[in-house]
Amino acid sequence: MQVDNYTGKTYINTNFSGEDLQDARFERCEFYRCDFSRADLTDACFINCRFVETGTSEGCNFSYATLISASFKHCNLSMALFIGARCFGIELRECNLQGADFARASFANHITHKSFFCSAYITESNLSYANLESAKLEKCELMDNRWRGANLLGASMKGSDLSGGEFSQSQWGTFELEGCNLCRVELDGLDPRNVKLEGVMINQWQQEQLLAPLGIIVAPD
């Protein structure tokens, strides 16, 4: 099977909608106002690519695309639309995802209506002001991301590795984080009386932040 490789190309207002781009590899390419809606990008790979034009607020459209096991590394995907996309196994590493919209995107593989497992590798990325409302990202690798200002209302990140992440104080309590790894995360504003923290892992130095809302003073050993 031939794998299509593209390097250093620029695409403007290009319509990839509904196309089969499985296993395609794009490196150092630029995509401005391009439409990938309903395209099959299974196992596609994007490295050092830009999906938004400097100075504009219109990203590319991946709505209802199949992004199963697709990989984006060092890409600028700010303002991109991932509405309703199938994102099981997606890899987003060191990407700019500011303002990206993941409304109704699925990171889960459903065995039955109520039984599912999730897969996503989102690390060292900027998710400020991204929309992840009601997203299911359970037991996923989500380390060292900037989440400040992202909409995480009703999201479930149970059992995920959120270590090194940056959160706004107002986000605590808006999403589920039982069983998460919260090591190296500033926990200011996280009140254990209002947020379920069963099985959460933290560093020793974080105890002071976590117990402060309870009026407990942690003395040095």
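**Exercise 1. Charged side chains**

How many positive and how many negative side chains does the protein chain have, and how far apart do the centres of the two sets lie?

*Solution.* The structure is a predicted model. Counting the charged groups gives 19 positive and 29 negative side chains in the protein chain. The centres of these two sets lie 3 Å apart.

**Exercise 2. Fold and dimensions**

Describe the order of helices and strands, and then compare the radius of gyration with that of a compact globule.

*Solution.* Step one is the inventory: the protein chain contains 10 strands and 1 helix. Step two is their order, which along the sequence reads β-β-β-β-β-β-β-β-β-β-α. Step three is the comparison: a compact globule of 221 residues would have a radius of gyration near 17 Å, and the value of 19 Å for the protein chain therefore agrees.

**Exercise 3. Surface and interior**

Determine what share of the residues is buried and how the accessible surface is made up.

*Solution.* Of the 221 residues in the protein chain, 47% are buried. The accessible surface amounts to about 10900 Å², and carbon and sulfur atoms account for 45% of this surface. Contacts may be considered next: among those between residues at least 6 apart in sequence, 21% join residues at least 24 apart.

**Exercise 4. The surroundings of Ser128**

Is Ser128 buried or exposed, and which residues does Ser128 touch beyond four places in sequence?

*Solution.* First, locate the residue: Ser128 belongs to the loop between strand E10 (120-123) and helix H1 (207-211). Second, apply the cut-off: buried means under 20% relative accessible area. Ser128 has 3% relative accessibility and therefore counts as buried. Third, list the neighbours: leaving aside residues up to four places away in sequence, Ser128 touches Leu97, Gln98, Gly99, Arg146 and Arg148. Finally, the side chains of Ser128 and Asn126 are joined by a polar contact of 2.8 Å.

**Exercise 5. The surroundings of Arg93**

Where is Arg93 found, and with which side chain does the side chain of Arg93 make a polar contact?

*Solution.* Arg93 lies in strand E7, which covers residues 90-93. Because its relative accessible area is 24%, Arg93 is classed as partly exposed. Its contacts, not counting residues up to four places away in sequence, include Lys73, His74, Tyr121, Ser125 and Glu141. Phe72 is also touched by Arg93; these two residues are 21 residues apart in sequence, with a C-alpha to C-alpha separation of 6.4 Å. The polar contact is with the side chain of Thr123, at 3.2 Å.

Conventions
Residues are numbered from 1 along each chain as its sequence is written. This is a predicted model: local features need pLDDT of at least 70, side-chain atom pairs count only at pLDDT 80 or more; totals for chains, interfaces and linings use all residues. Side-chain values use heavy atoms; hydrogens and water are left out. Helices (H or I, at least four residues) and strands (E, at least two) are DSSP runs, numbered from the N terminus. Buried means under 20% relative accessible area, exposed over 50%, partly exposed in between (1.4 Å probe, protein chains only). A polar contact is a pair of N or O atoms within 3.5 Å; within protein, one must be able to donate a hydrogen and the other to accept it, and residues adjacent in sequence count only if both atoms are side-chain atoms. Contact means heavy atoms within 4.5 Å. The radius of gyration is taken over C-alpha atoms; the globule rule is 2.2 Å times the number of residues to the power 0.38. Accessible areas come from the Shrake-Rupley method with a 1.4 Å probe; for residues, only the protein chains shown count as cover. Lys and Arg count as positive and Asp and Glu as negative; His and the chain ends are not counted. The place of a charge is taken as NZ of Lys, CZ of Arg, CG of Asp or CD of Glu.
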